[in-house]
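Hi everyone, thanks for making time.

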Amino acid sequence: MTMYTCSEARQHLASLLEEVSRGRRVIIRRKAGRLFELRAASLSGSPLDVETVDLDVTTDEIVGFVQESRRGA
């Protein structure tokens, strides 16, 4: 376990995150004495994963829409 003051944590954020990613425990202590622990989070999936919507539109229709919008611009 490694303990840093809040100002030390700000100065060395990248190395703290590296320590946490290696499974080491990192504690940050504020002036008033409150303690905070950094942990690596694991998110399932990508934030870009979205549900598909079936619009029943063909590729040719999409290409046509794009070409039409470019002509009007």
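Let's start with T2. T2 counts as buried because its relative accessibility is 16%, where buried means under 20% relative accessible area, exposed means over 50%, and partly exposed is in between, using a 1.4 Å probe and protein chains only. Before I go on, a quick caveat: this is a predicted model, where local features need pLDDT of at least 70 and side-chain atom pairs count only at pLDDT 80 or more, while totals for chains, interfaces and linings use all residues. Residues are numbered from 1 along each chain as its sequence is written, and side-chain values use heavy atoms, with hydrogens and water left out.

Back to T2, which sits in strand β1. Strands here are DSSP runs of E with at least two residues, helices are runs of H or I with at least four, and both are numbered from the N terminus. What does T2 touch? Leaving aside residues up to four places away in sequence, T2 touches E19, R24, R25, V26 and I27, with contact meaning heavy atoms within 4.5 Å.

Now, E19 is buried too, at a relative accessible area of 12%. Its side chain meets that of R24 in a salt bridge, 3.9 Å from N to O. By salt bridge I mean a side-chain nitrogen of Lys or Arg within 4 Å of a carboxyl oxygen of Asp or Glu. R24 itself is partly exposed, at 48%.

How many salt bridges does the structure hold? There are 3. Another one joins E18 and R22, with the closest N and O atoms 3.5 Å apart; E18 is partly exposed at 37%, whereas R22 is exposed at 63%. Then there's E37 with R25, at 3.2 Å between the closest N and O atoms. That pair links distant parts of the chain, 12 residues apart: E37 is in strand β3, and R25 is in the loop between α2 (13-21) and β2.

On to the strands. β1 (residues 2-5) pairs with β2 (residues 26-29) in the parallel sense, over 4 bridges; strands pair if DSSP finds at least two bridges between them. β2 also pairs with β3 (residues 35-38), this time in the antiparallel sense, again over 4 bridges. In that hairpin there are 5 residues between the strands, and G33 takes a positive phi near 100°.

Last stop: helix α3, residues 59-72. Among its 14 residues, the count of buried ones is 0, so α3 is hardly covered.
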